[in-house]
Amino acid sequence: MPQASETSALARLSRVNLVRYLPQLIILALLGLAWSLYGALTGGSFLLPRPDEVVEVLGADFAKIFESIGASGLLLGLSSLIALVLGVLMGMLCGQFERLKGAVLPIARVLAPIPSLIYAPYAVAIVGDFFWAAVFVIASGLFWPVLFNTVNAIEDISDELINSARTLNLPTRTMFAWVMLPHCLPYLFNTLSVQVSNAFLLLVGAEMMGMRSGVGWYVKYWADYSNFTTVFAGIVVIAVIVFVVNILLEKFRDRVLSWK
Amino acid sequence: MAADEAITTPRSTGSARADEAITTPRPTGSARAGSTAVFSDRPAKIRVKGVALSYRNNTSSTAVLSDLSFDVAEGEFVSLIGASGCGKSTTLSLLAGLRMPDSGEVHIDGVPVTGTGKDRSVVFQHYALFPWMRARRNVEFGIRQVSDAPKREIAAKAAYYLKRVGLEGKEALYPHQLSGGMQQRVAIARALAMETEILLMDEPFGAVDAKTRVVLQDLLLELLQEQERKRTVVFVTHDIDEALLLSDRVLFMNAQRISKVIEVPFEHPKKRHEIAQTLVYRELRKEIFDMFYEDEGEYLASGI
Ligand SMILES: Nc1ncnc2c1ncn2[C@@H]1O[C@H](COP(=O)(O)OP(=O)(O)O)[C@@H](O)[C@H]1O
Ligand SMILES: [Mg+2]
């Protein structure tokens, strides 16, 4: 594009972003508009408050909401990290040892579809700590897709690339860190972006089972008091977080996978 | 394709003169005599003796090599040429240590090959580079596997070789940002920068366009020529001109073994235009060309 080359890189970047996110922004704006119209016309109701009421709650309860976002971030981040590390490790081992793969995959296919929230009571009973029980529930929900996609990725490595690596006499550690792992990264980013919604379902579910903080807990807590204005504020917060996480993930992927 | 190109050569040369051009003993009828003819009198850097190999799967077994024997002297450039599917790549993978023979011996410096080794570097036709590393990193990564030199030295060596293959200014690009020819330049830079005694190349220019191929052939000749210590090179190709230009000896593969050894008598530095004009060149070219046709009788019969 001839005009684009004249503008600064920064301007070009933000324009690209604007174009990329324009449809989403339009939909959000339309939703906001519809909600405002509803508020103006009906004056709001017990179950569905007006937007200005919700905004007021967001402002008034800012500290608690902020703390909840932090708690949820910690829980989700830690669980995802554990699921990623264990899933990738296990997947690579399966890729390396056919026998292990033959043993693990059939079991994994049976276990994977079971919603991990079912394990919650057992996790609490065994671990005895709500936070780590929640970590267990979320991580075990994310572990399976990571495992399957890693196994899939390893199966996809071309023989040529493997041979090229072998002729360089790479030590096993280098082989994993600089050949297998980078090869798996695009698959893992795909997995993550597909699993974001699943992760939030798990997060909210796990927090509702007995945590004392977090956005899921916040919504559940105020729902128990039938304070739906605050419940709605919590839902808005969750929506915004999901939106931001998706964008950050996309940015991070573009950065890490600049070699694609 | 080599075969298509070869059709344009004059085919009128007499067989008596062709015989004079060949300095190696002709293979005789028996396999035993045929396989002894492939050893040169110089001390062998690489020695392959009586190698047999079959590819097996659950249902069948396909013999690819049987009684394959040849050797390569230190500092020698040897081409393996033959019809596609005759086992050239398989042979190279034996030398690389990527595969083990069912029977027979593969020796380097008199020691049996048991796997890949730091004394060998390999250039493949495709996917030799790691897509997630910039050109510079790909070369440095190769050097680091064979050298304990400090980072700065490795970086300098990588930069030097990338410059020598004509990629100055492209060091920071990823493989997908480079053309096929440029990617092969990086692969060659890496293989040379590793400064291994042995260089194994499997149709390294097979996937680049004709013009780039000529440039890369000349570049390879030049780079190998200027090395302090001459590398031992085994080069797989199906291009007759490429084999004649680059090699000291050409090994023709057919029927799962080396069926013919051809000494290439040209002195270094070789200039493609000069050698191509000589009678010897045309004789050798015709001889190899005819061997391709013997191989593909049905191809000849079809009148293409
Ligand atoms: N991994 C493999 N499994 C089974 N057969 C193979 C394999 N690799 C090569 N072959 C077969 O072995 C023969 C020789 O292959 P190759 O060494 O690649 O030949 P070339 O490099 O001369 O074209 C071919 O017939 C090919 O189909
Ligand atoms: Mg081949």
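Student: What order do the elements of chain A run in from the N terminus on?

Tutor: They run α-α-α-α-α-α-α-α-α-α. Helices are DSSP runs of H or I with at least four residues, strands are E runs of at least two, and both are numbered from the N terminus. By that definition chain A has ten helices and zero strands. A word on the source: this is a predicted model, where local features need pLDDT of at least 70, side-chain atom pairs count only at pLDDT 80 or more, and totals for chains, interfaces and linings use all residues. Residues are numbered from 1 along each chain as its sequence is written, chains are lettered from A and ligands numbered from 1 in the order in which they are written, and side-chain values use heavy atoms, with hydrogens and water left out.

Student: How many residues make the contact between chain B and chain A?

Tutor: Contact means heavy atoms within 4.5 Å. The contact takes 25 residues from chain B and 20 residues from chain A.

Student: What buried area do chain B and chain A share?

Tutor: Buried area is the accessible area (1.4 Å probe) that two parts lose on being put together, summed over both. Here that comes to about 1,900 Å², with 66% of it on carbon and sulfur atoms. On the chain B side, B:Leu98, B:Tyr127 and B:Trp132 lose the most area to chain A, together 32% of what that side buries.

Student: How many salt bridges are there between chain B and chain A?

Tutor: A salt bridge needs a side-chain nitrogen of Lys or Arg within 4 Å of a carboxyl oxygen of Asp or Glu. The count between the two chains is zero.

Student: What makes B:Thr90 a polar contact of ligand 1?

Tutor: A polar contact is a pair of N or O atoms within 3.5 Å; within protein, one must be able to donate a hydrogen and the other to accept it, and residues adjacent in sequence count only if both atoms are side-chain atoms. A polar side-chain atom of B:Thr90 lies 2.4 Å from an oxygen atom of ligand 1, so the pair qualifies. Backbone N or O atoms do likewise: one of B:Gly87 lies 3.1 Å from a ligand 1 oxygen, and one of B:Cys86 lies 3.3 Å from an oxygen of ligand 1.

Student: Which element supplies the largest share of the shell around ligand 1?

Tutor: Helix 4 (residues 88–96) of chain B does, with three residues. Shell residues have a heavy atom within 4 Å of the ligand, and they include B:Tyr55, B:Val64 and B:Lys88.
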